[in-house]
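Colleague: Could you take me through this model? I would like to begin with the overall picture and then turn to particular residues.

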Amino acid sequence: MAVVPFSLRTPVAEERGFGYLAMAWVATTVALVLAASFVVTGTAAGNEVVTNETIDLSEVLAPASTPADQYPSVMYGGMMWSLVEGRVVPRADDPFSRPIVVAEMLASNTTNHQLRVRESDVSIVLPDGSRHPATRFEQTAATSRFSVEAGEIQTVTVVFKLQSYVDPNPANLTVEFSEPNRIPASMPLIGGEPGVIGSAEFFIDDAVTVIPDSVNAPSNLVIEPTAASVHVELGAFRAPTGQRVAAVDLDIRRVSSSAASTYLDVEFWEMTADGQKLEPTRVARTGSTAGSDSVQIVFLVDESVNEMVLKVGANTDNATVYDISSTP
């Protein structure tokens with residue numbers, strides 16, 4: 001993976017370029033304030049999960065072709081962030097001047113819906129741990145936020161005016177993507193590889209369960225688990241701090257072709273983790289063929305979890321359980 005180019009630029013040229021944008025920035029801000037009265041703002045990427053939602057994911061877009069092989073990249077909330085170049089503009093002679101950090105980035109939407117980013121979602125982190133949110137975005141329609149449509153890539157210049165009067169060593173700076181109470185993602189401003197928290201495959205018995213289909217009596221439901229995993233990120237959802245997203249995938253076969261199905265109700269499923277009983281955060285049909293559905297059940301669990309028990313048909317008299325473990 002390529003190393004990010006770095007340049008230490010003189011403050012005069014860079015500051016002059018920013019000064020020319022000031023009037024346009026003010027005009028744009030006024031227009032946005034007026035427009036805000038008529039526009040309903042959605043949730044920023046990675047910060048949305050709807051409890052007890054049943055959705056059909058059978059036509060989810062394939063992930064966008066991202067530049068992750070060319071530039072250091074990290075995923076946050078379904079957005080692949082690739083760092084093309086990082087640079088620092090040192091303080092000017094003005095005693096009130098502060099150093100400026102500029103990150104040239106590509107934001108690639110890998111989901112099937114629009115993702116939105118705010119200034120507060122992107123920060124520079126100094127070695128002392130202090131976070132300095134973005135001051136503005138450039139190459140975007142607005143300076144305080146921007147959106148990327150499904151499968152598209154946005155070129156964006158992120159400008160940070162640090163709350164410090166000391167020029168930082170760029171090699172010690174980190175770009176962080178985060179929202180309140182969500183696990184952050186980060187990468188060095190120059191060189192190095194981003195810190196990535198991956199997914200973990202868990203083991204689940206693939207034995208077939210047969211239980212009565214209450215919607216289609218006296219027919220049965222044939223339920224077969226196919227995978228179990230624990231993630232920091234699942235689609236556009238980023239796990240909350242201290243938690244992980246546990247997903248169980250199953251194939252469910254039935255005689256009826258009726259759209260009604262008890263197994264898309266959250267009450268049909270129950271997870272026990274560390275002695276705590278959990279309801280699904282989401283029940284999703286991820287694919288469907290004649291007489292068969294692919295279903296994914298999603299739970300929020302503690303980050304240290306290594307054993308879980310899934311109860312199938314939890315709201316019936318024919319419930320069965322599956323042990324899920326991080327070790328065989």
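Modeller: Among contacts in the protein (heavy atoms within 4.5 Å) between residues at least 6 apart in sequence, 68% join residues at least 24 apart. This is a predicted model, in which local features need pLDDT of at least 70 and side-chain atom pairs count only at pLDDT 80 or more, while totals for chains, interfaces and linings use all residues. Residues are numbered from 1 along each chain as its sequence is written, and side-chain values use heavy atoms, with hydrogens and water left out.

Colleague: How many helices and strands are there?

Modeller: The protein has two helices and 25 strands. Both are DSSP runs numbered from the N terminus: helices are H or I with at least four residues, strands are E with at least two.

Colleague: What percentage of the residues is buried?

Modeller: Of the 328 residues in the protein, 45% are buried. Buried means under 20% relative accessible area, exposed means over 50%, and partly exposed lies in between, with a 1.4 Å probe and protein chains only.

Colleague: And the accessible surface, what does it come to?

Modeller: It comes to about 16,000 Å², and carbon and sulfur atoms account for 53% of that. The areas come from the Shrake-Rupley method with a 1.4 Å probe; for residues, only the protein chains shown count as cover.

Colleague: Now charges. How many salt bridges does a search of the whole structure find?

Modeller: The search finds 11. A salt bridge here is a side-chain nitrogen of Lys or Arg within 4 Å of a carboxyl oxygen of Asp or Glu. One of them joins Glu-104 and Arg-87, whose closest N and O atoms are 3.0 Å apart. That pair links distant parts of the chain, with Glu-104 in strand S5 (residues 100-109) and Arg-87 in strand S4 (residues 79-89), 17 residues apart.

Colleague: Why do Glu-104 and Arg-87 count as buried?

Modeller: Glu-104 counts as buried because its relative accessibility is 16%. Arg-87 counts as buried because its value is 6%.

Colleague: What about Arg-131 and Glu-176?

Modeller: Their side chains meet in a salt bridge of 2.6 Å, N to O. Arg-131 lies in strand S8 (residues 131-133) and Glu-176 in strand S12 (residues 174-177), so the pair ties together parts that are 45 residues apart in sequence. At 39% relative accessibility Arg-131 is partly exposed, whereas Glu-176, at 15%, is buried.

Colleague: How many bridges join S7 to S8?

Modeller: Three bridges join strand S7 (residues 122-125) to S8, and the two run antiparallel. The bridge partner of Ser-123 in S8 is Pro-133.

Colleague: Which residues form the covered face of S15?

Modeller: In strand S15 (residues 209-212), Thr-209 and Ile-211 form the covered face, and Val-210 and Pro-212 the uncovered one. Four bridges join S15 to strand S16 (residues 220-231), and these run antiparallel. Leu-221 in S16 is the bridge partner of Ile-211.

Colleague: His-231 next, please. Where is its place?

Modeller: His-231 is in strand S16, and it is buried, with a relative accessible area of 12%. A polar contact of 2.8 Å joins its side chain to that of Ser-199. A polar contact is a pair of N or O atoms within 3.5 Å; within protein, one must be able to donate a hydrogen and the other to accept it, and residues adjacent in sequence count only if both atoms are side-chain atoms.

How values were computed:
Pairing = 2+ DSSP bridges.
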